[in-house]
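Work through the following exercises with the sequence and the structure side by side.

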Amino acid sequence: MHSLHGPGFALIAITVFCYLQSQHASTGNYLLTAGIAMGIGLISEISQIPGSRNAQLKDLVVNGIGIIGALGLAGSFDKQLRSKIGNLARLSLPAVASIALTITFVPTIWYGYALVKQKQAFPTLLEFEHRWERATFNQPGSQSPNLVQTPAGWPIDGSTIAHAAEAGQWGIFLSLHPLPDWQGYSTLSFVVASTGAEFPMAFCIRDVRPDKNSLSNRFCKRIYVNVTPQRVHISFDEIQSKMEERLFDFSRVEAVVFSASRPGNGMELLIDDIRLEL
Ligand SMILES: [Ca+2]
C-alpha cells in the first residue's frame, strides 16, 4: 500500500531517533537515523516479491520524504541542533519539515477519504463517476484506463465509463479492491463492451486464503466482449460451484480482476457500473 509507506517510515525514523537520543544525545543521530531507516526500506524492497523497478524506486523516495519530514520536525524543536546550524538552515528547517510531512500524509488522508466514500457507495463497487474511485483500483504493469463520456446507447445512466486500451506489452489489467464483506448479496454484475472486434476477457475473483496450503481461492471465467454493451451477471452460486471442496468466503473478498491480452491487435475494453445485487 503506497499510501502507508511515507507515514510508516516517518514513524520508524522518529522511533529510532528517540531511542538513539535516549542512549546518547548527539546531532550525529540525525544522519545515523536516516541511514538506519533508509536501510530498513532498502531491505524491505529487496525482500519483497520483485515488483517493477519504478515502483520500488518510488517507494524509496516516498520513504525518504517521510524520514526527512520526521527528522525535520524533531530538529525544529532540538536546541542542540539549532545552535549548531546557520540562520538560514534554522529558519528553513520547519518549512522543509512541513512540506515533507504534507507530501507524506496527504495520500494517506486521501486514501482514508476514499475508503469512507467506498463504504457509502456500496453495493456499487465502481461506476467511474468520482475521483476518489481511483484509490480503489489499480492497473499493475499496464496503462490506467481513461475515463470517457458515456457513449450513445450505453445501457445505464452516468456521465463517464472506463476505456482501457491494450498497451501492446501487458494487455489490459484492472484490479479492483472492494469492501470485503459481500454477505447478503447473490450476484456481481458489470457492463462491458469492445470498441471493435470481439475478444475474450478473463474475469477473476478471489477471497482471502486462510493459509498457503489451502485449496485454490480464485474463480475465473472467460467472457466474450463485443461492440454490443452487455450486462454480465456472475452469481455467487456459480462461483461456489466451481470451487473444489472449499467454501468461497464471501465475507472476505480480496480482489476482482478483469484482464485481456492479445498483444499487437489493439483491443479496447469499455467497462462500467460494477455492482453487487440482492
Ligand atoms: Ca459510469
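This is a predicted model: local features need pLDDT of at least 70, side-chain atom pairs count only at pLDDT 80 or more; totals for chains, interfaces and linings use all residues.

**Exercise 1.** Which residue in E11 stands opposite His-163?

Residues are numbered from 1 along each chain as its sequence is written.

*Solution.* Begin with the terms: helices (H or I, at least four residues) and strands (E, at least two) are DSSP runs, numbered from the N terminus, and two strands pair if DSSP finds at least two bridges between them. Next, find strand E11 at residues 268–277, which is joined to E4 by four bridges and runs antiparallel to E4. Within this pairing, the residue that stands opposite His-163 is Leu-270 in E11. Finally, turn to strand E3 (residues 146–149), which four bridges join to strand E4 (residues 160–165), again in the antiparallel sense; here Val-148 has Ile-161 of E4 opposite.

**Exercise 2.** Find the order of the strands in the open sheet of five strands, and identify the edge strands.

*Solution.* Reading across the open sheet, the order is E2-E5-E10-E7-E8, and the pairing is antiparallel. Strand E2 (137–138) and strand E8 (218–225) are the edge strands, since each pairs on one side only. Inside the sheet, strand E5 (residues 172–176) is held to strand E10 (residues 253–260) by five bridges in the antiparallel sense, and Leu-174 faces Phe-258 of E10 across this pair.

**Exercise 3.** Describe the nonpolar cores and say which elements contribute to the largest one.

*Solution.* A nonpolar core is a set of buried Ala, Val, Leu, Ile, Met, Phe, Trp, Tyr and Cys residues joined through C-beta atoms within 7 Å, where buried means that 20 or more other C-beta atoms lie within 10 Å of a residue's own, exposed means 12 or fewer, and partly exposed lies in between, with C-beta atoms placed from the backbone. The largest core has 31 residues, and Val-192, Leu-269 and Ile-271 have the most contacts inside it. Two or more residues each come from strand E1 (124–126), E4, E5, strand E6 (187–194), strand E7 (199–207), E10 and E11. Taking Ile-271 as an example, and leaving out residues up to four places away in sequence, its contacts (C-beta atoms, placed from the backbone, within 7 Å) include Ile-161, Phe-190, Val-192 and Phe-258. Apart from this core lies another, of 20 residues, among them Ala-10, Val-16, Phe-17 and Ala-70.

**Exercise 4.** Locate the two domains and describe where they touch.

*Solution.* The domain assignment, an automatic or database one, gives domain 1 (2–119) and domain 2 (125–277). Their centres, taken over C-alpha atoms, are separated by 36 Å.

**Exercise 5.** Is Thr-108 buried, exposed or partly exposed?

*Solution.* First place Thr-108 in helix H5 (residues 87–121). Then count its neighbours: Thr-108 counts as partly exposed because it has 17 C-beta neighbours inside 10 Å.

**Exercise 6.** Summarise the protein as a whole.

*Solution.* The protein has six helices and eleven strands, and 27% of its 278 residues count as buried. Along its principal axes, the C-alpha trace spans about 70 × 45 × 40 Å.

Methods
Two residues are in contact if their C-beta atoms, placed from the backbone, lie within 7 Å.
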